[in-house]
Amino acid sequence: MKKNNPQGTVAFPLSEFTARKIINDLAENHTNRIRWSKQIKERMLERGVTTGQVLALLKSKRSVFREGPYLELNGDWKFNLKGMAAGSIIELSVAIKNHADNPTSILITVWVH
């Protein structure tokens, strides 16, 4: 994948495979395109989850889709990823925007299981 621009895809509906490919690329090469909502920042602090754990889960090829990806009314694709990061099982709620040509993501919230 190109280092300068994230790789988009015109897939519809967005599959788990394609969503993982996009989020892995963003986490590996384009962290500036990952937005951290106020909600996730508060929950991370409250639940003792680090930025490193969140990025590790986003980069993981072994994380499990617990929900989605599904299309929201605003055109975003939303999904929940669950996996192991630094000894904790965490789950993230993520939205991908502009998946076809200029992907970015928004991290919505996090849980610790």
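**Entry 1: L58 and helix α3**

I looked up L58 and found it in helix α3; helices here are DSSP runs of H or I with at least four residues, strands are runs of E with at least two, and both are numbered from the N terminus. The model is predicted, so local features need pLDDT of at least 70 and side-chain atom pairs count only at pLDDT 80 or more, while totals for chains, interfaces and linings use all residues. Residues are numbered from 1 along each chain as its sequence is written, and side-chain values use heavy atoms, with hydrogens and water left out.

Is L58 buried or exposed? L58 has 0% relative accessibility and so counts as buried; buried means under 20% relative accessible area, exposed over 50%, and partly exposed in between, with a 1.4 Å probe and protein chains only. I then listed the contacts of L58, a contact being heavy atoms within 4.5 Å. Not counting residues up to four places away in sequence, L58 touches I23, N24, A27, I34, L81, L92, V94 and L107.

Helix α3 covers residues 51-59, and its buried residues are Q53, V54, L55, L57 and L58. These buried residues pack against α1, β1, α2, β3, β4 and β5.

**Entry 2: Q53**

Q53 is also found in helix α3. Q53 has a relative accessible area of 7%, so it is buried. What does its side chain meet? A polar atom of the Q53 side chain lies 2.9 Å from the backbone oxygen of A85. Beyond its neighbours within four places in sequence, Q53 is in contact with G48, A85, A86, S88 and I90.

**Entry 3: the core**

I looked at the largest nonpolar core, which has 25 residues. Such a core is a set of buried Ala, Val, Leu, Ile, Met, Phe, Trp, Tyr and Cys residues joined through side-chain atoms within 4.5 Å. Which members touch the most others? They are L58, F79 and L92. At least two residues of this core come from each of α1, α2, α3, β3, β4 and β5. The largest share, five residues, is from α1. In soluble globular proteins, nonpolar side chains tend to be buried together.

**Entry 4: strand β3**

Seven of the nine residues of β3 are buried. I checked its pairing; two strands pair if DSSP finds at least two bridges between them. β3 pairs with β2 in the antiparallel sense over five bridges, and with β4 in the antiparallel sense over nine bridges. N80 in β3 stands opposite E67, and its bridge partner in β4 is S93. The hairpin of β3 and β4 has two residues between the strands, and A86 in the turn has a positive phi of about 50 degrees.

**Entry 5: salt bridges**

How many salt bridges does the whole structure hold? The search finds six, a salt bridge being a side-chain nitrogen of Lys or Arg within 4 Å of a carboxyl oxygen of Asp or Glu. R66 forms one with E91, the closest N and O atoms being 3.4 Å apart. R66 lies in strand β2 and E91 in strand β4, so the pair ties together parts that are 25 residues apart in sequence. E91 is buried, with a relative accessible area of 6%. Salt bridges that share partners also join K38, E42, R43, E46 and R47 into one network.

How values were computed
Polar contact = N/O pair within 3.5 Å; in protein donor to acceptor, adjacent residues only side chain to side chain.
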